[in-house]
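Biologist: Before we use any labels on this one, I'd like to hear what stands behind them. Could you walk me through it?

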Amino acid sequence: MSYTIRVTKVKKMFNQEKVQITTDVLNMIDQKIAFKLRLMVKKCKDHNIKRLNEEVYPYVERMLWVIQVKSKVIELNVR
């Protein structure tokens, strides 16, 4: 596990709701978060964003959301 996430914090969230979580699933969550962070860094670089702050963050989030929606549409069209 690369520990992109705070494992104890994630485990605690699940445990509070009486849901057990395996190490494999923690790894999957970590990989998904790391992937999203890499996309965010790439989008910042591609759009010449030198500083990601609270004003720019929603813009970058929307770009990631558009990517996600487009991939779902493509996935639906393939089926």
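Modeller: What follows is a chat about the labels and the values behind them.

Modeller: Ground rules: this is a predicted model, where local features need pLDDT of at least 70 and side-chain atom pairs count only at pLDDT 80 or more, while totals for chains, interfaces and linings use all residues. Residues are numbered from 1 along each chain as its sequence is written, and side-chain values use heavy atoms, with hydrogens and water left out.

Biologist: Fine. What makes a stretch a helix here, and how many helices does the chain have?

Modeller: A helix is a DSSP run of H or I with at least four residues, a strand is a run of E with at least two, and both are numbered from the N terminus. On that rule the chain has 3 helices and 0 strands, in the order α-α-α.

Biologist: How do you know whether α2 has the span expected of a helix?

Modeller: The expected span is 1.5 Å times one less than the number of residues. α2 has 24 residues and reaches 34 Å from first C-alpha to last, close to the 34 Å expected.

Biologist: Which residues of α2 are called buried, and why?

Modeller: Buried means under 20% relative accessible area, exposed means over 50%, and partly exposed is in between, with a 1.4 Å probe and protein chains only. In α2, Leu26, Asp30, Ala34, Met40 and Cys44 are buried. Over the whole chain of 79 residues, 16% count as buried.

Biologist: What makes a set of residues a nonpolar core, and which residues form the largest one?

Modeller: The set has to be buried Ala, Val, Leu, Ile, Met, Phe, Trp, Tyr and Cys residues, joined through side-chain atoms within 4.5 Å. The largest core has 6 residues: Met40, Cys44, Ile49, Val60, Met63 and Leu64. Two elements give two or more residues to this core, α2 (23-46) and α3 (57-78), and α3 supplies the largest share with 3 residues.

Biologist: What does Leu64 touch, sequence neighbours aside?

Modeller: A contact means heavy atoms within 4.5 Å. Leaving out residues up to four places away in sequence, Leu64 touches Lys36, Leu39, Met40 and Lys43.

Biologist: And Tyr57: is it buried, exposed or partly exposed?

Modeller: Tyr57 has a relative accessible area of 36%, so it counts as partly exposed. Tyr57 sits in helix α3 and is in contact with Met40 and Leu52, its neighbours within four places in sequence aside.

Biologist: Why is the pair Lys36 and Glu61 called a salt bridge?

Modeller: The rule wants a side-chain nitrogen of Lys or Arg within 4 Å of a carboxyl oxygen of Asp or Glu. Lys36 and Glu61 come in at 3.5 Å, N to O, so the pair passes. This pair links distant parts of the chain, with Lys36 in helix α2 and Glu61 in helix α3, 25 residues apart. Lys36 is partly exposed at 39% relative accessibility, and Glu61 is partly exposed at 21%.

Biologist: How many salt bridges does the rule give?

Modeller: The count is 2. Lys42 also forms one with Asp46, where the closest N and O atoms are 2.9 Å apart. Lys42 and Asp46 are 4 residues apart in helix α2, so about one helical turn separates them.

Biologist: What makes Met13, Phe14 and Val19 a nonpolar patch?

Modeller: Patch residues need over 30% relative accessible area and no salt bridge; nonpolar side chains (Val, Leu, Ile, Met, Phe, Trp, Tyr) are joined within 5 Å, like charges within 9 Å. Met13, Phe14 and Val19 form such a patch on the surface, with about 260 Å² of accessible area together. Areas come from the Shrake-Rupley method with a 1.4 Å probe, and for residues only the protein chains shown count as cover. Phe14, in helix α1 (residues 7-16), is partly exposed at 31% relative accessibility.

Biologist: Last one: which loop holds Lys18, and why is Lys18 called exposed?

Modeller: Lys18 is in the loop between α1 and α2, and its relative accessible area is 75%, so it counts as exposed. Lys18 has a positive phi of about 60° although it is not a glycine. Asn48, in the loop between α2 and α3, also has a positive phi, about 55°, without being a glycine. Asn48 is exposed too, with a relative accessible area of 55%.
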